[in-house]
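Hello,

Here is the structure I promised to pass on. Please open it first, then read my notes below.

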Amino acid sequence: MNLLLIGFMIVVSLIQTIIWLFRNKAHMGIKYAIYHYLTVIKIRKAFLDANYYNKRFYFNNEIADLPKVKLEFSNSFSKATLFIENININKAIGDINISFALSNFVVDVAYLSNDENFHVFEIYDSNIDQQYKFDSFTSFKKQSDQIGNYSLFIDKSIEISLYGTLLVGQTGSGKTYALYSLILQMLTKKVHYNLYFADPKNSSLAVLGDKISKENTVTEIEGIIELLWRFNQSMIERKESIKEKLNTKLEGTYADFGYEPHIFIFDEFASFQTVLQTMEKKKRDEVMKLLSQVVLQGRQLGFFLWIVMQKSDASLLPTNLRENLPVKFVLGNAESQTYTTAFGNGVDIPEKNFKLGQGVFTCPIIAKRPRLCHFSYLNFDILKAVNHLNKGRGFCKNPRPTKQENHSFH
Ligand SMILES: Nc1ncnc2c1ncn2[C@@H]1O[C@H](COP(=O)(O)OP(=O)(O)O)[C@@H](O)[C@H]1O
Ligand SMILES: [Mg+2]
């Protein structure tokens, strides 16, 4: 009798084990099954904590009917896709803090499946550092050569197209250094990049700018305004010449027609603004007009404004400019107010102690909600690399305006 009972129990636990192995996809490996099991448990607990379930009666006992969960890890466990059943419930799925439940994992993209049966979350492990560390310019260039002429890499998982960009972070968070790795990429491209540098604090960016394009590097306020004006003039000329080409391809951009990109890199924008505020209204308005023309029309024409500053409060960066800069980075451990001004209200920021050059960003198509990023570490002589590149690059092809034109502006 006892033996029969023991035998029965063995069979039951065997069946349970088989179900467990099957549910946790043990055919993918035992490590996979354990990861799967632990993660699903955490998610189910989060459902309970958030009261995200339907109540059912089962033999007179009230039970919680949790939504079904499907989880698919990528090969290295660094990424996963999570499917949560779309149950009939008067609650938002956003009430469950998925990122929190999954500790290391951060939600990247969230959407409803085509048949609307599942909420789908693409998640990734925030503990796996995506930063590139380059020990020589050669290895940097090798990486850069893998990327298209009109795109830039940020880290191992991120590549972005050219857009108007806002780069925010406290002093020392790695903003200017981030620019170096992007500028160096531009200099290695097969397409000529026309770079403009405004550095009102006259720091190391101006030194680099002088080497790359001396005539387009400025530090004084009047010089910056004049450079902005010239940048706009070139954009207006481009607009004229692109018009004819648009007849052949309506949705075309500068890149389709083989035009060169022009990028105005504006470091420490707030110190420029502070000085500008002391000037007469007419001048302030003119400068704002120049800036907004670029952010509104530049994308198709290939003219981009990159604004770098510590905080992007409306008092320092007018809202219309901020809203029209499609790419936004916030580097370092910023105050919640900084995240709110950059990304808007109620946006989840992955909890993390950010390292130098690390932060979050949003970008059309690839990062609709703030996603982690980590700019490269360049363990080689940057100035030497620029000098080397300059030899192969020739001079900036951007024509300077005549004195006459210049005068009419001031
Ligand atoms: N991505 C990075 N990797 C390694 N070190 C970095 C990185 N970004 C910044 N640093 C270090 O931090 C210092 C300060 O960065 P910096 O770009 O000048 O800050 P910010 O412009 O935000 O004030 C740099 O001189 C560099 O030594
Ligand atoms: Mg700086």
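A nonpolar patch sits on the surface, formed by Leu 21, Ile 30, Ile 34, Tyr 37, Leu 38 and Ile 41. Together these residues have about 500 Å² of accessible area. Helix α2, residues 30–49, gives the largest share of the patch, with five residues. Ile 41 is placed in helix α2. Is Ile 41 buried, partly exposed or exposed? Ile 41 counts as partly exposed, because its relative accessibility is 40% and that class runs between 20% and 50%.

One caution before you go on: this is a predicted model. Please keep that in mind for everything here.

Now the whole chain. The protein chain has 13 helices and 18 strands. Its C-alpha atoms fill a box of roughly 105 × 45 × 45 Å, taken along the principal axes. Of its 410 residues, 49% are buried. The accessible surface comes to about 21,800 Å². Carbon and sulfur atoms account for 54% of that surface.

Next, contacts. Take those between residues at least 6 apart in sequence. Of these, 66% join residues at least 24 apart.

Charges come next. The chain carries 48 positive and 40 negative charges. Their mean positions are 4 Å apart.

You will find Glu 159 in strand β9, which covers residues 158–161. Glu 159 is partly exposed, because its relative accessible area is 43%. Which residues does Glu 159 touch, leaving aside its neighbours within four places in sequence? They are Ile 147, Ser 151, Leu 152, Phe 153 and Ile 366. Glu 244 is 85 residues from Glu 159 along the chain, and their C-alpha atoms are separated by 31 Å.

Last, some backbone angles. Most residues other than glycine have a negative phi. Asn 202 has a positive phi, near 45°. Asn 202 lies in the loop between β11 (194–198) and α6 (204–213). Glu 268 also has a positive phi, of about 45°, although it is not a glycine. Where is Glu 268 found? Glu 268 is in the loop between β13 (262–266) and α8 (269–276). Glu 268 is buried, because its relative accessible area is 15% and the cut-off for buried is under 20%.

Start with helix α2 and its five patch residues. Then go to the two loops, where Asn 202 and Glu 268 are found.

Best wishes

How values were computed: Residues numbered from 1 in each chain as written. Chains lettered and ligands numbered in written order. Predicted model: local features only at pLDDT ≥ 70, side-chain atom pairs only at ≥ 80, totals over all residues. Heavy atoms only, no water. Helix = DSSP H or I, 4+ residues; strand = E, 2+ residues; numbered from the N terminus. Buried < 20%, exposed > 50% of the residue type's maximum accessible area, 1.4 Å probe, protein only. Contact = heavy atoms within 4.5 Å. Areas by Shrake-Rupley, 256 points an atom, 1.4 Å probe, with all protein chains shown as cover. Lys, Arg positive; Asp, Glu negative; His and termini not counted. Charge placed at Lys NZ, Arg CZ, Asp CG, Glu CD. Patch = residues over 30% accessible without salt bridge, like charges linked within 9 Å, V, L, I, M, F, W, Y side chains within 5 Å. Salt bridge = Lys/Arg side-chain N within 4 Å of Asp/Glu carboxyl O.
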